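Dear colleague,

My notes on it follow directly after.

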Amino acid sequence: MSMRPLERLPTIRAKLGSTIVFAVGMTVVLVYFFLGFALRNAVRSADLGELVQIADRAAAFELGEAPKGVTILLLRGGRFTTPGPRGEAPPMFDDGRVHVGTAGNVVYAAVPVRRPGQPRETIYAIREAPGVLPATVHFLRNFWWQFLVASAIAAALALLMVRWLARGMTQPLRDMATAARTMEQGDYSQRVETRSRDEVGQLATAFNRMSSELESLEQLRKDLVANVSHELKTPITALRAHLENLLDGVEQPDPETVQVMLAQADRLGRLVDQLLDLSRLESGDVPLDRQPLALEPLVAEVVSEIQVAGSGRGVQVGCVVPPDLPPVWADRERIHQVLFNLLDNAVRFTPAGGRVKVSASRHNGVCEVSVEDTGPGIEPEHLPRLFERFYRADPARSSKQGGTGIGLAIARSVVEAHGGHIRAQSEPGRGSVFTFDLPVAPAAHTTKEA
């Protein structure tokens, strides 16, 4: 495939400069042609002056041979004594004065012959009047060097202006190319400065946003590796310590020791299962078995499970779900997982004597489910990152509570897979509220299910 002419140029400045210079050149050519067309008759004044000089020399008998294209006529006694060019004959003047003008397709200059004692005679110098195109070309030929100088100056000024403008226009592009080469080596802190609001400025803004997101993703990746390593190392270290103690005879393989080891193994298995579950959810490999789902019985079931699992914590768990709430279009097992994670977190972080409440309502075509607690609350700077993997607002407190740090990340992935949105609101000392919304089941499916 052949390259276009502009594609052969190595830089945008060269392409832009070539385009502008070509456009200026074409504009100058067209302007000068139309200018020559408009001023084509201006040459006739010079031609008439030249004809007057020729006729005057002929009247003084000083003209040896008429210039090419010029015919000399003699008017004597009211008629021309020499034949003229074809076409309309010029008017006859014998009043002793000089006359110039156009007659039909000829231009003429009439000069009287001054010879004492002789009849009045008039010498005519005649030339055919050029047509529109020849007159235009003749005008341009007479002034070609002025046009050439003006064109060169206009092209030079245009090129200088284009290079100056293109330097500012393409600077963000060069900066982005340099930043991209740096980002190839893993440095995502590069940013491009621009104050332009055109397409290049919008591209630079998008580039900065992309580099910022890449930097955040790279930091999340590093945090994920560090957190996974830490979370896996903790139960493995505990298991290894107990096994070494058993081998050294420090501990005996009694049921209590085996139960501790089994708890660590369960924690390790639960962490691996959650990581695999989160990975499948984020990659979309987990199909959703969506069907009309009534929230009231599901919430009651999860609350019952939490009450059994959290017995002895002294936290009151209740639910407020209207019985006439329309069913949602969701996967029952996945929504059960979301509710259990949110309620389990709320119970674990709520002190004894506190309350946890689950409520649901319909707003703008979706059902909103909220889990509210009376715990210590969350600082505002932690709220935007609560649903990131392994992020913990209070790492020391979370570790003591036994969480893995990815329950909220799984909840977000499940809700977003259903087309919903999950969010958190909290004030330190006044508890937290986690809310997610789910689409209402379509009427056709609801009727069929009924």
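R423 is partly exposed, with a relative accessible area of 28%; please note that this value, like every other one here, comes from a predicted model. The side chain of R423 meets that of D437 in a salt bridge, with 3.1 Å from N to O. R423 belongs to strand β11 (residues 422-426) and D437 to strand β12 (residues 432-439), so the contact ties together parts that lie 14 residues apart in sequence. D437 has a relative accessibility of 12% and therefore counts as buried, the cut-off for that class being under 20%. The pair also has a further member: E368, R423 and D437 are joined into one network by salt bridges that share partners.

In total, ten salt bridges are counted in the model. Two others may be of interest to you.

One of them links R127 and E50, whose closest N and O atoms are 3.7 Å apart. R127 counts as buried, at 17% relative accessibility, whereas E50 is partly exposed, with a relative accessible area of 34%.

The other is formed by the side chains of D344 and R348, at 3.0 Å from N to O. Both residues lie in helix α8 (residues 332-349), and because they are four residues apart, about one helical turn separates them. Here D344 is partly exposed, its relative accessible area being 26%, while R348 counts as buried at 11%.

How many of the eight residues of strand β5 are buried? Seven are, so the strand (residues 121-128) is largely enclosed by the rest of the structure. Strand β5 has the following pairings:

- Strand β1 (residues 70-76) runs antiparallel to β5 and is joined to it by seven bridges. Within this pairing, T122 of β5 stands opposite L75.
- Strand β4 (residues 106-113) also pairs with β5 in the antiparallel sense, over eight bridges. Y124 in β5 is the bridge partner of A110.

With kind regards

Key. Residues numbered from 1 in each chain as written. Predicted model: local features only at pLDDT ≥ 70, side-chain atom pairs only at ≥ 80, totals over all residues. Heavy atoms only, no water. Buried < 20%, exposed > 50% of the residue type's maximum accessible area, 1.4 Å probe, protein only. Helix = DSSP H or I, 4+ residues; strand = E, 2+ residues; numbered from the N terminus. Pairing = 2+ DSSP bridges. Salt bridge = Lys/Arg side-chain N within 4 Å of Asp/Glu carboxyl O.
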